[in-house]
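Here are my notes for your next look at this model.

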Amino acid sequence: MARDERQVILYTNLGHALVHAIETAYGALLFDIAFDLGTSEAFLGGVATVFGWAFGTTAFPAGLLTDRLGARRVLGLTFAGAALASALVSLSPSTWLLALAMGLLGLAMGMYHPAATALIAHGVGQRGVAMGLHGAAGNIGLALAPGVAGGIAVVSSWRWAYVLMAILAAVLAIWATRLGGEYRIRPVSPPGDPQPRARAPVTTQVALALLLVYLISSLVGAVYRGTLTFLPSHISLEVSEDLGDWLTTAAYLMGAVGQYAGGLLTRHVRGETLAVAVTAAALVPLALMGIFSGWPLLVAAASFVFFSFARQPIYNTLIADYAPVRLVGSSFGLYFLAEFGLGGTGGVIAGAVVDRWDTAAAFLVMAGIWAMAVVASLALPTVGGRLKASLSPARA
């Protein structure tokens, strides 16, 4: 592996870990924030949805900027904005200012994924494995955040957790200015090969394949936002109040294993087949999370986290396979707009269910939404297979 490739992997892995640590910390600090600011779980679930919508809103513009300005500049803007917004969250004196600051934080961090995944797709040869490593790093940050943020809240205040995140984001913003040169797509086909083909049918097939992935992503994104917001509270209520944050961390660590496993499997199994298998495999443990309590709940949560995050490098690789060569950044932007933007609705859905019933009911509702994603994924082998048959060999 070349030095430039190692630099891309190191920076994006650390960046991904921080992005998801910031994202997960909110759910871990939910009760502390509610007590401090005097508000309800339903309102804070709405704040999570504001964050999720904002997180997805900047994904597509960030993809366009990545194609135009390069990933390095977009990543620098991402972490500079995240540093400022995290500082504002830590200073929020009221619920409405907290919602505003969290929205700004979502806008800043929503720029990360299109830039980072395009950088990997452009600059790393074994992109399936690199996507798996990148995803695993994100899950390590996501897993450690509940324990670290919860620990900081115990010894001082939830606000200091956001101060720490602001400092780390500022470091990555500065580091982005020192990254190596920009990375461009390197076609596998010989230079100068015109690759003549009828473009109209291929364009239609590309659009259909990408739209199907975006539809699935919006559904699983709703579940992602809902479970991420209320899983720490659910485990604290149903397993252990004292160890809830650290048990959530243990469950989230299985996501890192899932990400890496999903990335490795892309080297041996057709992506569309993998996508159907792992999406379906996540459904049963998700439903059981709404039924079980105690240690069986923790086992179900770990199983769901494993399969749901194994899905991510697989779908990322499908986007890289399907997207037109010159529009990889934009295609990833739309993908993350669907998953984090449209999917952000899951926070307010889960919050309303919790406010009306309890956290267990929220996970049953999330399972219903995930079941729709499973049904939609069944079309992937047919749609994706037809597209790949009409295209030249895979693009790097």
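1. Helices H5 and H6 run roughly antiparallel to each other, because their angle of about 165 degrees lies over 145. This is a predicted model, so please read each point below as a description of a prediction. H5 covers residues 71–90 and H6 covers residues 95–109, and their axes are 8 Å apart.

2. What is the handedness of the crossing of H5 and H6? The crossing is left-handed. On the H5 side, the contact is made by Thr78, Gly81, Ala82, Ala85, Ser86, Leu88 and Val89. H6 contributes Leu98, Ala101, Met102, Leu104, Leu105, Ala108 and Met109.

3. Next, the salt bridges, of which the count is 4. One of them joins arginine 225 to glutamate 23, with the closest N and O atoms 2.6 Å apart. Arginine 225 belongs to helix H10 (residues 199–238) and glutamate 23 to helix H1 (residues 3–28), so this pair ties together parts that are 202 residues apart in sequence. Are these two residues buried or exposed? Both arginine 225 and glutamate 23 are buried.

4. Another salt bridge pairs arginine 159 with aspartate 36, and here the closest N and O atoms are 3.2 Å apart. Distant parts of the chain are linked by this pair: arginine 159 is in helix H9 (residues 158–176), aspartate 36 is in helix H2 (residues 30–37), and they are 123 residues apart. Aspartate 36 has a relative accessible area of 39%, so it counts as partly exposed.

5. Glutamate 339 and arginine 311 also form a salt bridge, their closest N and O atoms being 2.9 Å apart. Since glutamate 339 sits in helix H15 (residues 328–341) and arginine 311 in helix H14 (residues 294–322), the pair ties together parts that are 28 residues apart in sequence. Glutamate 339 is buried because its relative accessible area is 2%, and arginine 311 counts as buried at 2% relative accessibility.

6. Finally, a word on confidence. The protein chain has a mean pLDDT of 82, with 89% of its residues at 70 or more. Where pLDDT is low, the predicted coordinates should not be read in detail.

Conventions. Residues numbered from 1 in each chain as written. Predicted model: local features only at pLDDT ≥ 70, side-chain atom pairs only at ≥ 80, totals over all residues. Heavy atoms only, no water. pLDDT = per-residue confidence, 0-100. Salt bridge = Lys/Arg side-chain N within 4 Å of Asp/Glu carboxyl O. Helix = DSSP H or I, 4+ residues; strand = E, 2+ residues; numbered from the N terminus. Buried < 20%, exposed > 50% of the residue type's maximum accessible area, 1.4 Å probe, protein only. Axes fitted to C-alpha atoms, helices over the stretch in contact; angles between N-to-C directions. Parallel < 35°, antiparallel > 145°, perpendicular 65-115°, else oblique. Left-handed = near helix turned anticlockwise from the far one by under 90°. Contact = heavy atoms within 4.5 Å.
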